[in-house]
Structure formats: structure tokens, C-alpha cells
Amino acid sequence: MALPVAFFAVFFAYPVTAIVSRGLKADGVWHLGRFADVLGDPDILQVLWFTTWQALASTALTLLIALPGAYVFARFDFPGKQVLRAVVTVPFVLPTVVVGSAFLAVLGRGGLLDQLWGLRLDTSVWAILLAHVFFNYAIVVRTVGGLWSQLDPRQEEAARMLGASRMAAWRKVTLPALGPAVAAAALMVFLFTFTSFGIVKILGGPAFATLEVEIYRQTAQMLALDTAAVLTMVQLAAVGAILAVHAWTVRRRETALRLVDAAHTTRRPRGAGQWALLGGVLLTVVLLILVPLGVLVERSFNTSTGYATTYYKELTSEEGGAFLVPPIDAIGNSLQYALAATVIAVVIGGLAATALTRRAGRLVRGFDALLMLPLGVSAVTVGFGFLIALDEPPLDLRSSWILVPLAQALVGVPFVVRTMLPVLRAVDERLREAAAVLGASPWRVWREVDLPLVRRALLIAAGFAFAVSLGEFGATVFIARPDNPTLPVAVATLLGRAGELNYGQAMALSTLLMLVCAVSLLLLERIRTDRTGEF
């Protein structure tokens, strides 16, 4: 556990602490009065209010739309189910700037709704809420659907035989068992929407800002590090509370799984009602996921003179001044950074997951929860903290290429841990003990006992780490060099510049990034098993 602890201490805790102390400490004195000043500002209170209520609304809307999908994937067997599962997961690993670009193409000026009905919903709350549902749909489907598929349907059937209606049987038998999974999914959706950055930055315009967007504005535009530090501490406290409750719900869910029959029972839909439900879920997936992605692709070919590959060809040109290199170079940069970040995330996450399976106690549970913090702590703060903290030997990394993969790996490690941990815990401890009795060293035990059993989960973990590293934006926007931009940074830069060519190039780069993520997910689904973790 020493290496994961050291990694998080040096590359997470230290940069965050450095940026907070830089903002709140002067001449060796902490100015804690800034908390009252900042939190008493009406503009900041408005940001806090918007951040909270949009996260609550996004969570409720996501549950309402995604729970029928969770039931369909848990109980129905139909052709194309594996492909459909990959399709609904693609949005979750897409960079938030791509999600923003897709909904901008549907809801913005000249978008699909504008062309069909003259309706524009960009820079509106509805655009943000729908984009959040798009992004988090898979969390509910996979978390709740995974548990739902392990509940014995005969329990509900027995209740109906005793006279309970279908709704009463579901409410009194199934819903209590699903409660922990629904709560865990809701908390994760709330976490991701509470800390939303890329989606709100692109779709919210100047009228709407979450805490994360405001931290970015105070840091990068206003250079008000004291205000950014206060907001970072507020967000850290909120995220810590959310993760604590989430850990409690996960423990309840694990207890529920031990109390019920976990038989996997699916069947083809029967009756008009079940076929209608399946059709409704398919229609939801088409309208919510496929239409935005399809329009994104269409916009990348739609020029003022008709459909052509002009925007893709322009990606190889340095003219226009948006970058010091052709935009197409961002693809190679992103792939190199993401591969390096994947290696780091798999090593650190794999060691952390192994340590968590070998030890128990409150300290271990606390470390398990801390591993999730990078998903909720301000990525903007982490990125700017890298520049502030890692500027002196032996950690003067500001001019080093490794800075970007390190920031991306921080986001990838939680996915590696959450993917590998359930599989490692399922390995029979007696196999390890037998190998040790025969004289095998701990390294050899892991290599010859654990690794063959968890190899598939390791590949899944590496795939998720690669996909999320490829799309990391909040920290990378600070530390990626102008001559080595990543794809998300390039897309955001192009969207921030006026002109049809810049918009078209942003759509083209977003399409390429989406295709890379989609191919990664399809490959993951082919090697996935029912026990390859929470994601």
C-alpha cells in the first residue's frame, strides 16, 4: 500500500494543499476570514444554489429516465443486447467537452431543433440537465441493473400469488432490495453533476456556473486564488460527505447481495406491456444518445457548400492561429498521454486494490474512500496545483511531458480500483495460502494465483483508465502545453473561437474522439464478464 499512498500524497494531496494555502495564507498567517467574505458574496451564493439544485434535478431526471432501462437490461434477453449495453455506456467515458459539443449541435444555433422548429435550448438549464442525463444514464443502468439481475424474480411472483398487485409486490419486495443500489447510483450521479465542468462551461454560457466552473473562472481569469481556495474547500467538504454516504450504501448493497438469491434470470419479453417497455427504452436510447452523437457526426461534414470532408482536411493545417501545431497533432498527443496514464493508473490502482483485499479495518475503508476523491475534487484545482507545487527540484515537472499523464492517472485510478476490487475479493484465500505454504513469495503468489484469475478484469480496468484519461479536461486545460494540446483541450479551444471553420473543426475532432472511445467500449464489452467490477 506504500506506493499508492505515496502517489496520492505527492500528486494529489500536495498540489491541492499547496493551492489552498497559497490562496488563504499570507506571511505565514492563515486568513480564515475569507470564508465568511466569499460565502457572503451574493454572486457566490447564487453559484452554490445553482450547483446544488441542478445536481438534484439532474439526479432525479436521470433516475426517472434510466430506471426502466435498468429493468430491461436486468430481466430481458433480446438480440443486440450486448451492443446496446456498450452504446449506453459510451456517453459515460466521453469527454465532457464532446458531450457539450454534441448537445450544442442539437440544441444550439443552427442545430437540429433550430432547423426543424426554430427552437434553441443552448445556454439554458434544460440543455445542461439533458446533457447530464446523457452522460450519467449508464451509471444507473449498470449499478441498479447489475443488482436487479441478481434478485430472484420468484420472490415477487410469490407475493403476487398471495394476492398482492404487481405494483404492491414490486414496492414491498423488489424495491427494498434495490434501495441500496438506487441510492448508490443516485449519489454517484449527484457527485458527477455537482462537480460538472465541461458540460456547464460549454452549454451554460455566462449565465450559469457550477462551483467547478467558478473555481476555473476565479483561478484562470480573475487570478483570485483566495476565492478559488475557499470554493475548493467547500467542494471538498461536499464531496467528502457524498463519498461517505456512498460508502455506506455500498456496504448495504453488499449485505443485500448476500441475503438474496443471486441467480441470473433473463427471458425474452412476453406480452404487449413488456414489448412496449422494451420499445420505449430503445426509443429513449435513440433520442437521448444516438441522435446527439449522430448530429455531432453530421455537423462535422456539413459545410456552407454542402457535405464534404473540409473540416477534417483543415485539421492538418496550421493556419488560423488557434494552435502552434496542426489540430490533428492533438490526436497523437492524446493517445500517447492516455497510454502513459493507463500504465500509471493500472500499476497504482492494481496495487491499491490488492492491498485492500489483504487488509481490513476502518483505516483500510478510509483509504478506499479516499481513492474516489479525485473524481469529485476540483480538477481545475489539481491542475493549477501541479503548476504551483511541482516547480522545485526534485519535483520540478512543469516542463516535463509526464505532468499530463500524472493528472490523467489520478482520474483513472478509481476506475481501476472499483473494477478490480470485487474480482480480487472473489479469489479464494485458500489458494493464496496453499501457494505460500509451498514456498512461493508474495510476488509469485500474485503472479501465479491472482493474475490468471483477474487478467480479464485487469484488461477491463486498463480500458476504462485509457478512455477516461483520453477525455480528462479540467486539469489538462492548465498543464497541456500549447505545442502539445490534447483532444479535449483542442475541442474547447476551437469552440471558444468564432467562425464556421473553428466550429466545424471542433465537431470533427469531437467525432474522432467519440469514435476512439466507442471502439474502446465495444472491445471492453467483448471481454467483459458479469464479475468485472462496478463499472
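A: A residue is buried under 20% relative accessible area, exposed over 50%, and partly exposed in between (1.4 Å probe, protein chains only). The model is predicted, so local features need pLDDT of at least 70 and side-chain atom pairs need pLDDT 80 or more, while totals for chains, interfaces and linings use all residues. Numbering runs from 1 along each chain as its sequence is written, and side-chain values use heavy atoms, without hydrogens and water.

Start with salt bridges. One is a side-chain nitrogen of Lys or Arg within 4 Å of a carboxyl oxygen of Asp or Glu. By that rule there are 2.

E298 pairs with R299, with their closest N and O atoms 2.2 Å apart. E298 is partly exposed because its relative accessibility is 22%. R299 is buried, at 8%.

R217 and E214 form a salt bridge too, at 2.7 Å from N to O. Both sit in helix α11 (residues 211-221), 3 residues apart, or about one turn. A helix here is a DSSP run of H or I, at least four residues, numbered from the N terminus. An α-helix has 3.6 residues a turn, so residues three or four places apart point the same way. R217 is partly exposed, since its relative accessible area is 32%. E214 is buried, at 5%.

Now the surface. R160, R166, R267 and R270 gather in a patch of positive charge. Patch members have over 30% relative accessible area and no salt bridge; like charges are joined within 9 Å, and nonpolar side chains within 5 Å. R160 belongs to helix α8 (residues 153-161). Its relative accessibility of 38% makes R160 partly exposed.

Notes. Areas by Shrake-Rupley, 256 points an atom, 1.4 Å probe, with all protein chains shown as cover. Lys, Arg positive; Asp, Glu negative; His and termini not counted. Charge placed at Lys NZ, Arg CZ, Asp CG, Glu CD. Helix = DSSP H or I, 4+ residues; strand = E, 2+ residues; numbered from the N terminus.
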